[in-house]
Every structure is written in C-alpha cells, then in structure tokens.
Amino acid sequence: MEKADWKQRWGGLFFVAPFLLLFVVFMLWPVISGFWNSFFNTSLAGVKHEFLGLQNWRDLFGDPAVWSSLKNTLVFTAMSTPPLVIVALVMALLANRKGLLGWLLRFSYFAPFVLPATVVTLIWVWIYQPGFGLVNGLLTAGGFAEIDWLNTDNRAMLAVVITTVWWTVGFNFLLYLAALQGIPEQVYEAARIDGANGLQQLFRITLPLLSRTTGLIAVLQLVASLKIFDQIYLMTNGGPNYATRPIIQYIYESGFTSYRIGYASAISYLFFAIIVIVAVAQFKLFSGRGESA
C-alpha cells in the first residue's frame, strides 16, 4: 500500500521532470542570472567582473537614450494596437461566411502572417522606395509629391506601423473568427424574429459576446507591440536620427555593440517591469468591463 502511495505521489513528478529541467535551465536561470548581472559591470569585452551595486540602474535613469527609445516604443504601441484590434474585427466579420468567398477571404487575410520578417520588410522597403515604389507611384499619379517614407523623421514610424498591421493582423483576425464561430446561430435567429436588423445584432449581440476575446487580443497585442524590434531594425535600423529606435534595439546595442551586458540587463528589467504593469492594468480593465457586462 505504501509503495502504491509513493507511485501516486512521485509518478506525476517523474513525467513533468523533463519539462521542469528545461524550464529551469532555459527560462528561470536566465531570468535570475540577468537580474544578477544588472548589479555588475558584466561585459563581452573581457573587462573584470566587478560589483557595481545600483550604478547601472542610476546610469539608465540618467541616460536620455533610454527614455527616447522607450518613448518611440510607446508611440509605436499607441499607433499600432488600435488598428490591429479594429481591423482584425472587421476582417473577421467579413470572412465569417460560408462558401468560396469566405474561404478566399480567410486565406488572404491570414497569409501575410506566415511570412518571415525579412521577406515582409523587403517587400515593404521596395513599396516605400522613392522613384519606383508603389506608394510614391500612386502619390505622383494623383498629383502629390513623393515622400521618402523611411528617411523622414515624422513618416518613418507611420511606415513601420502600416507594415506591421499588414503583416500581423492575421493572428488577431484568426482569434476573432474563432470567437465569432462560437456564437450560436440560434441567438441571431431569435434576434431576427424580434425584429433586430443587422446593426442592432452587431452592437447588441456580436460585440458584447466578443468582449472577452477583445480583452484578450488587446492584452496580447499590447505586449507584442511593446516588444517591437524586427521590422524597425530591418527597415530603418532605428533611424532616421534615432526617431524609430525602440528600447529593445537599444538594449541590443548596449549589450552586443557596446559590450555592456550588465547595463543592458538593467534596462531589460526596467522594460520588463513596464510591460508587466501595463499588461496587468489593461487585463484588469477589460476583466472589470466583462464582469459588469
């Protein structure tokens, strides 16, 4: 009997042990090690490993590049998150139909999401090119002057946002489509019997029933936008004049270009704390709305 109890208690641990080992080695230990390094002058250049206390943290609070890159990250997040939620909802409403048209819409809406970042940025860099790019070609055809989208301070961020929306909206669209297909058809039939038109069904049935999905998508998209790096690094490299450099790129430059791993770790944990605070606040906001509804 005791042997059977031992098997019940420790058998489950035996099965999860491989995952726990990988989690500790590749997730938990790097998190602890990174935070520990933020108190040292850890460097890839072979500098002696010395304890600095809170010096790295004091340096980052006085570093203008930290706050300018953080501002760029927040601007990108504010510009990209609303359209990535709203456009995804509209696309899901259009594609939520049977037949060949619905299949074609689903395929075309989701297809860009499977492309790698290098392919997406290559396509859009060519589209934005002055002289022969598609966007400037349309502008000149309409009698407007060309715009050097990726090399103008007040246009480069907008160009990256448009690229990001085109590329990543497919994931949010898929979540909305799954939620729409989970709404029973009988609910709409009952509403039509009661005389509700299409707009009334949309605002009084569909959108309220999608509120939890909207909250989930908003939180996921907010975190994803805060972690922007690939598109900006490949399209503008943070330029022009650091007008698009996100904080993750500055962390990368501090750690792997300036070889200041300790300083980069401190910035990383500041940014991590901001992400956690914003995500929790937004989740609480949407959860409160969902409960009140």
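Student: What is the relative accessible area of Glu 185?
Tutor: Under 20% is buried, over 50% is exposed, and partly exposed is in between (1.4 Å probe, protein chains only). Glu 185 is partly exposed, at 42%.

Student: Okay, and what kind of model is this?
Tutor: Residues count from 1 along each chain as its sequence is written, and side-chain values use heavy atoms, leaving out hydrogens and water. Local features need pLDDT of at least 70, side-chain atom pairs count only at pLDDT 80 or more, and totals for chains, interfaces and linings use all residues, since this is a predicted model.

Student: Which side chain meets Glu 185 in a salt bridge?
Tutor: A salt bridge needs a side-chain nitrogen of Lys or Arg within 4 Å of a carboxyl oxygen of Asp or Glu. Here the N to O distance is 3.1 Å, and the partner is Arg 192.

Student: How many residues apart in sequence are Asp 59 and Arg 260?
Tutor: Their side chains meet in a salt bridge at 3.9 Å, N to O. Asp 59 sits in helix H2 and Arg 260 in the loop between H12 and helix H13, so the pair ties together parts whose separation in sequence is 201 residues. (Helices are DSSP runs of H or I, at least four residues, numbered from the N terminus.) So the number you want is 201.

Student: Over the face of which residue does Arg 260 lie?
Tutor: For a charge to sit over a ring, NZ of Lys or CZ of Arg must be within 6 Å of the ring centre and within 35 degrees of the ring normal. Arg 260 is at 4.1 Å from the ring centre of Tyr 263.

Technical notes. Helices (H or I, at least four residues) and strands (E, at least two) are DSSP runs, numbered from the N terminus.
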